[in-house]
Amino acid sequence: MSEKVGVYVCHCGTNIAGTVDVEEVSKWAGEQPNVVCSRDYKFMCSSLGQELIEEDIKEQGLTRIVVAACSPHMHEKTFRGATERGGLNPYLFEMANIREHNSWATNDKEAATQKAKALIDAAVERVIHHQPLEPIPVEINPTTLIVGGGIAGITAALELANAGNHVVMVEREPSIGGHMAQLDKTFPTLDCSACILTPKMVDVGQHPNITLYTWSEVEDISGYIGNFKATVRKKARYVIEELCTGCGICEEKCPRKVVDEVFEAGLAQRKAIYRPFPQAVPKYPVLDPPNCTYFERGKCKACQILCPTGAIDFEQQDELIEIPVGNVILATGYDLFDSKRIPQYGYGRLANVFTSLEFERMVNASGPTGGSIVLRDGETVPKSVAIIHCVGSRDNNYHEYCSKVCCMYSLKFAHLVHERVPDAEVYNFYLDIRTPGKGYEEFYNRLLEEGTHFIRGRAADITDAARLPGEEGKLIVQAEDTLIGKQRRVPVDMVILSAGMEARHDSVDVSLMFGMGCDFNGFFTERHPKLDPIATMTEGVFIAGACQGPKDIPDSVAQGAAAAARVGGLISQGTVMMEPVRASINKEACSGCRICNDLCPYNAIIFHEDQKVSEVITALCQGCGTCVAACPSSAITGAHFTNDQVLSEIEGLLWDVRERQAVPA
Amino acid sequence: MVKKPTFSEEVANLLHASHGEPLKTCIQCGTCSGTCPVAEFMDYTPRRLIAMINANLKEEVLESNTYWYCASCFQCTVRCPSEIDIAGLMYALKRYSIWKHLYDEDAVGPVFSETFVKSILRSGRSYEPVLAPTYIFSYGVREFLNEAHTATTLMLKGRLPILPPRIKRLDNFKKMANRIIPMGEA
Amino acid sequence: MKTFSYFPGCSLEKMATSYHQSSVQTTKALDIDLQELEDWNCCGATTYFHVDELLAYTLVGRNLAMAEKAGHDLVAPCSACFKNAYFANSYLKEDEDLANHINYALAQDNLQFSGTIQVKHLMEVFVDDVGYDTLQERVTHPLKDLRVAPYYGCQIVRPRKDHEDVENPRFFEELITAIGADPVDFANRLRCCGGSLLITSRPAAFQLIYELLLNAQHSQADVIATACPLCQTNLECYQMQINQEFGTDFKIPVLYFTQLIGLALGLPPKKLGIGTEFVSADHILTFAKEPA
């Protein structure tokens, strides 16, 4: 009995119909073998379009459906739904992409129409060989892994935990808090960053539903949505957490000082055993062996000797912990652009050129200078400060993108200088002032009222080579003041470089480990830039915060909450239906060669010693097809991608060059 | 009907084969002008000149002294965030000005350039003494005397060519040049 | 023994004859063979590009084609010649149409450009082909305590953006260190000397030269080392005028880096062309001493 195929050619407005002659194609399709019904319609995805399919199935007894329209990514689900409502198994449907793969790729009408026919014929030939399939239910483990303890990660963790779900948070640094913990005041409200952050940090640390691993990293992850297994390396702190009271004597008495490159941005020192900042969560310090006298030479041990509870353990080892989780939220944050890459700005060579993070630490009340704005010598108060916008951003030579937050934080810096050094002259060298958020433009106005000098011109050079009177002993910023059209040299005491946010240096490795992707700038790729910014192309892995792209605190919080809501939805569903596109091994045909076992990237194939045959674990299989292709006995079938289906599709594509033969159903 | 190109289109055509981005991608950041070591001598800074070109202010652009002041140090080109070859633009404007003979007869830059080119086509090598008259009178009496003094000192130290050098295969050379631009007798 | 095709350029014939002499002498002493390109023509400098781009590339193309015929990479001591040759070479390699057009003209001199050679600045030969270590070993008269201002100028680094850190090159300083001298922190080391503006816009050039000399004086340099005949001429031959114009008292000798290398290798100053300067470099000679 031959199949009865219904073909529907979508106009998609003018998206397809503007290039492909849809009426002709539809008419042509109707003349092909096995096609009993062929229509063209303006918008197949509309409810009317879908109803056409449903009605035709019922009235004409159709057994297979082909829709020629946009990408399956867009509407495969939609049309499978329509097929199912019509009474057919949804997998008896095939989509031909005549938009992204055809009408959107060319202006040549003739070629596009020809190609549309080929794609439709391919779909028709293929769909005849489709078999009904049932989706596979997968249980969602209600525990969520959140990688990264900055504000985005913290928000996501609290949202999920407060809803009663268990969360495991893994943070690479000794304390959670991220970059936000380094900041002093936050724009535009100028509220104290620590004041708004630390209560949340404490909540995370104390929450009964949150298991916090700091000074830890995810080393490996395997599995699939609802059923991941993460291996976390809990690095040795050399402190026994159960015994440590957080009194801080070890840190106080430690004789070794080391420049703190991470939290203090290189502006201050810490001890070899340390907490990064006083409000650290958890309160347990961390010992840094490369800089520890005991690890170097076997001497000292002051911390161990003086610890009142005996919590120091020099023999402590890294721990590898396996954690089963259902979903993952990556909230790994950003790195600051390295200003040394722009030698003409003098960072690293000229003492009083500071990066934005260095300046943040400087103005922070609990920072290295107690909040005083001073030069590198730690004493001199600058009388003039230049703030350079767009360092490393909007520049094809470094990062093409605009880093979104720098204008606002540059204005914030200007304000802080005005506040703490009332007579100081402040110069902001900018390209554009980008203040799109709530209260942001008003903040800019405030800075104008405070008497900040705004010079529109990208700084070309920062130098100490004096040329004109008044420049001796100063840092000179040379730029064109484009609004007056003249090159200017402005001598100042201090320069702050508003460097941009860039992706973490290891973001590519992280994305590979979690099986999703990065863009060319290293930021994690979202599923859809507008409609789904917190999901990735990998089911069960979500992203939130600056790791997705430069953004400020309100947006990071929003994304953290959004990711938590999505995960929360999956958890409350309890079960997720997975695509039945899986491989299966025909035991009779299997010769037990085991070639497939090692090829499977998902470790989804097991070997039965007793029967000497391999078997695919359906739940782990992702339907990649590697084993199907590799099996020398052709014993493995890929559901929904059988040899008959694929070969028929190829025959269909070559409709205009092959001998016409009806392929037996 | 063929439309006459606007000035910005003319310049875009001139720069088509160059290895920088088109002028229309300029974001007017001012890095070029901020960097240029001779910006203070130009009546319009390089950035402003690009804005004027994009606005089709042909006469003002060609009459400005900006592009003749360019020393082609390429610092602007190397730093431009939009990767525009600004020094290349200055060369293009010089060529435009010379082709259309839009310059003042007593302007040193264009006259020097044309004389230099002629001397090379004549002998295949450059010869400083023939270039002297193009500039030696342009900077005032004191500078003329200074330059004469410098020239004499150079000559005494054996650093000034007396006789004009020539390449051996000069005939072929001239024929070669003719295949690019038919120049007749140089 | 490495061989290169040597393109002296018009300036090295007379104006910068000391650069030519010291180049040849020092490379010979370091087992580098420079074979002068036979019948080379002017590269066009910056000036030819003011008039006609295509013909300018043709001029350079002729030299490149002759170097290809000779079968060795091309080395140019003059930064402007180097820049023209380097970029003409790379553009002709990338752009088939351009190469065809130029080859059509080159055929009149029985030449063809095929893109088979590389182009190097003379300093790159010392840095890459000789190497700092070898150079240091061969130095017999290290220039101890000689404060040298490394003046890169423009076209040895720009506009090659792929070049080792175009905003912060260190190879000239390392070369100076290798010959035993002290490279000073010369802030304007990458700033233009004015080049041909000396002819076409003298006041601008004077301003640039003044600023360079001022900076060198501030850095307390004993000598400025250059890699381009135009830079050397501008910085050196006009110090008297600059002093007149700006009321300064500059008397800083300006030598080619090859002359300094030659002194460090113990070569006789006369052979390095020392003695033809406007600002005497005789006192520099005393720094070239055999170590005790």
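Which domains does the domain assignment of chain B give? Two entries: domain 1 covers 7-99, and domain 2 covers 108-180. Keep in mind that this is a predicted model. The centres of those two domains of chain B, taken over C-alpha atoms, are 28 Å apart.

Now the contact between chain B and chain C. Chain B puts in 51 residues, and chain C puts in 45. Helix 8 of chain B supplies the largest share, eight residues. By class, the side of chain B that touches chain C has 27 nonpolar residues, twelve polar and twelve charged.

Next, chain C against chain A. Here the contact takes seven residues from chain C and five residues from chain A. On the chain C side, one residue is nonpolar, three are polar and three are charged.

On to chain A itself. Its domain assignment runs to domain 5. Domain 1 is 5-135 + 645-653. Domain 2 comes in three pieces, 143-234 + 325-333 + 504-578. Domain 3 is 236-317, domain 4 is 336-501, and domain 5 is 583-638.

Take domain 2 and domain 4 of chain A. Their centres, over C-alpha atoms, are separated by 32 Å. Domain 2 gives twelve residues to the contact between them, and domain 4 gives 22. The domain 2 side divides into six nonpolar, two polar and four charged residues.

Last stop, one helix. Helix 14 of chain A spans residues 507-514. Which of its residues are buried? Ser507(A), Val510(A), Ser511(A) and Phe514(A).

Turn to the face pointing away from the buried side of helix 14. There you find Asp509(A) and Leu512(A), both exposed. And just after helix 14 of chain A, Gly515(A) takes a positive phi of about 75°.

That's the tour. Questions welcome.

Technical notes: Residues numbered from 1 in each chain as written. Chains lettered and ligands numbered in written order. Predicted model: local features only at pLDDT ≥ 70, side-chain atom pairs only at ≥ 80, totals over all residues. Contact = placed C-beta atoms within 7 Å. Nonpolar A, V, L, I, M, F, W, Y, C, P; charged D, E, K, R; others polar. Domains from an automatic or database assignment. Helix = DSSP H or I, 4+ residues; strand = E, 2+ residues; numbered from the N terminus. Buried ≥ 20, exposed ≤ 12 C-beta atoms within 10 Å, placed from the backbone.
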